[in-house]
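Please examine the protein shown below together with its ligand. The briefing that follows treats its elements, its core, the ligand shell and several individual residues.

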Amino acid sequence: MKIVVDRDLCQGHASCEGEAPEVFSVSKKGDLTILQPEPPEALRRAAELAVKYCPTHALSIVEDDVEEVEEVEAAKAAKAAKAAKAVEEVQEGGGRVVTVEGED
Ligand code: SF4
């Protein structure tokens, strides 16, 4: 997840810092600093509350790149299909399939 702030909307209210002090810091002048632009999952709830209670709706959360996840899933599916086809070809040829477990 990534924290995105619309600086045009932010007015330095510091509600965000109150909800998630590990993620947001607001100076006395009202300047917002995002301490952790990509906070860990452990801070998700706090970050969501900061987004929810920002009075000017300046904050939002963008989830990690969906396309990247889809590419990884597609590559895994292609690899599995290739392996299945290889097994099929070996079996058709009367060969024996030996499975070796290992890392992806
Ligand atoms: S609560 Fe919203 S308006 Fe206030 S400092 Fe945080 S982001 Fe800016």
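The protein has 3 helices and 4 strands, where helices (H or I, at least four residues) and strands (E, at least two) are DSSP runs numbered from the N terminus. From the N terminus on, these elements follow the order β-α-β-β-α-β-α. This is a predicted model, in which local features need pLDDT of at least 70 and side-chain atom pairs count only at pLDDT 80 or more, whereas totals for chains, interfaces and linings use all residues. Residues are numbered from 1 along each chain as its sequence is written.

**Burial and core**

- Of the 104 residues of the protein, 12% count as buried. A residue is buried if 20 or more other C-beta atoms lie within 10 Å of its own, exposed if 12 or fewer, and partly exposed in between, with C-beta atoms placed from the backbone.
- The largest nonpolar core consists of 10 residues, namely I3, C16, A20, V23, F24, L32, A47, A50, C54 and L59. Such a core is a set of buried Ala, Val, Leu, Ile, Met, Phe, Trp, Tyr and Cys residues joined through C-beta atoms within 7 Å.

**Contacts**

- Two residues are in contact if their C-beta atoms, placed from the backbone, lie within 7 Å. Among the contacts in the protein with a separation of 6 or more, 55% are between residues 24 or more positions apart.
- When neighbours within four places in sequence are left aside, A20 is in contact with L43, A46, A47, L49 and A50.

**The shell around the ligand**

- The ligand is surrounded by 15 residues, and the closest are C10, H13, S15, C16 and C54.
- The shell residues divide into 10 nonpolar, 5 polar and no charged. Here Ala, Val, Leu, Ile, Met, Phe, Trp, Tyr, Cys and Pro count as nonpolar, Asp, Glu, Lys and Arg as charged, and the others, Gly among them, as polar.

**C10, one of the closest residues to the ligand**

- C10 is located in the loop between β1 (2-5) and α1. It counts as partly exposed because it has 18 C-beta neighbours inside 10 Å.
- Not counting residues up to four places away in sequence, C10 touches V5, L32, T56 and A58. C10 and T56 are 46 residues apart in sequence, yet 6.5 Å apart in space, C-alpha to C-alpha.

**Residues with positive phi**

- Most residues other than glycine have a negative phi.
- A14, in the loop between β1 and α1, has a positive phi near 70°. A14 is partly exposed because 17 other C-beta atoms lie within 10 Å.
- H57, in the loop between α2 (44-53) and β4 (59-62), has a positive phi near 55°. H57 is exposed because 11 other C-beta atoms lie within 10 Å.

**K52**

- K52 has its place in helix α2, and K52 is exposed because 11 other C-beta atoms lie within 10 Å.
- K52 and C16 are separated by 36 residues in sequence and by 8.9 Å in space, C-alpha to C-alpha.

Methods
Near = placed C-beta within 6 Å.
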